[in-house]
Amino acid sequence: MAPEGAPAASVILVTRDRKDDLALALDSLAAQPGPFEVIVVDDGSRDGTPEMLAGRPGVVAIRRETSGGPGRARNDGAARAQGAPDPAGDPPLLLRVAPL
């Protein structure tokens, strides 16, 4: 169970140099009913992703200056997540922003 006052779920997005795709994903999430938290782990982007994230209220941004790979980025996001695991005990939702 999540601590009292914690979000019902966590959405963790891991990205690197996919600013435009990430912006679309964040816009879509913003239109969804909550309560949930959105955590974005930027794994060393050099395309303006940090600046775009700075203008997104309510998004928790974790910035890695150099890429540590997707596994490390996922772990960083999961360590920060406050949402409750699902009833089966699985961790919060994890998404990887990738081109369609």
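Asn75 lies in helix α3, which spans residues 70–80; helices (H or I, at least four residues) and strands (E, at least two) are DSSP runs, numbered from the N terminus. The model is predicted, so local features need pLDDT of at least 70 and side-chain atom pairs count only at pLDDT 80 or more, while totals for chains, interfaces and linings use all residues. Residues are numbered from 1 along each chain as its sequence is written, and side-chain values use heavy atoms, with hydrogens and water left out.

**Asn75**

- Asn75 counts as exposed because its relative accessibility is 54%; exposed means over 50% relative accessible area, buried under 20%, and partly exposed in between (1.4 Å probe, protein chains only).
- Asn75 and Val41 are separated by 34 residues in sequence, and their C-alpha atoms are 9.6 Å apart in space.

**The chain as a whole**

- The protein chain contains three helices and four strands, and from the N terminus on its elements follow the order β-α-β-α-β-α-β.
- Of the 100 residues in the protein chain, 32% count as buried.
- Among contacts (heavy atoms within 4.5 Å) with a separation of 6 or more, 68% are between residues 24 or more positions apart.
- The protein chain exposes about 6,000 Å², of which carbon and sulfur atoms supply 54%; accessible areas come from the Shrake-Rupley method with a 1.4 Å probe, and for residues only the protein chains shown count as cover.

**Helix α1**

- Helix α1 (residues 19–30) has twelve residues and reaches 16 Å from its first C-alpha to its last, close to the expected 16 Å; the expected span is 1.5 Å times one less than the number of residues.
- Leu22, Ala23, Leu26 and Leu29 are buried in α1.
- These residues lie on the same side of α1 because they cover an arc of only 125° around the axis, the arc being that of the directions from the helix axis to the C-beta atoms.
- Asp20 and Leu24, on the other side of α1, are exposed.
- The cover over the buried residues of α1 includes β1 (10–15), β2 (37–43), α2 (49–54) and β3 (59–64).

**Nonpolar cores**

- The largest nonpolar core has eleven residues, including Val11, Leu13, Val38, Met52 and Val59; a nonpolar core is a set of buried Ala, Val, Leu, Ile, Met, Phe, Trp, Tyr and Cys residues joined through side-chain atoms within 4.5 Å.
- Each of β1, α1, β2 and α2 supplies at least two residues of this core, and the largest share, four residues, comes from α1.
- A second, separate core has six residues, among them Ile12, Ile39, Val41 and Ala73.
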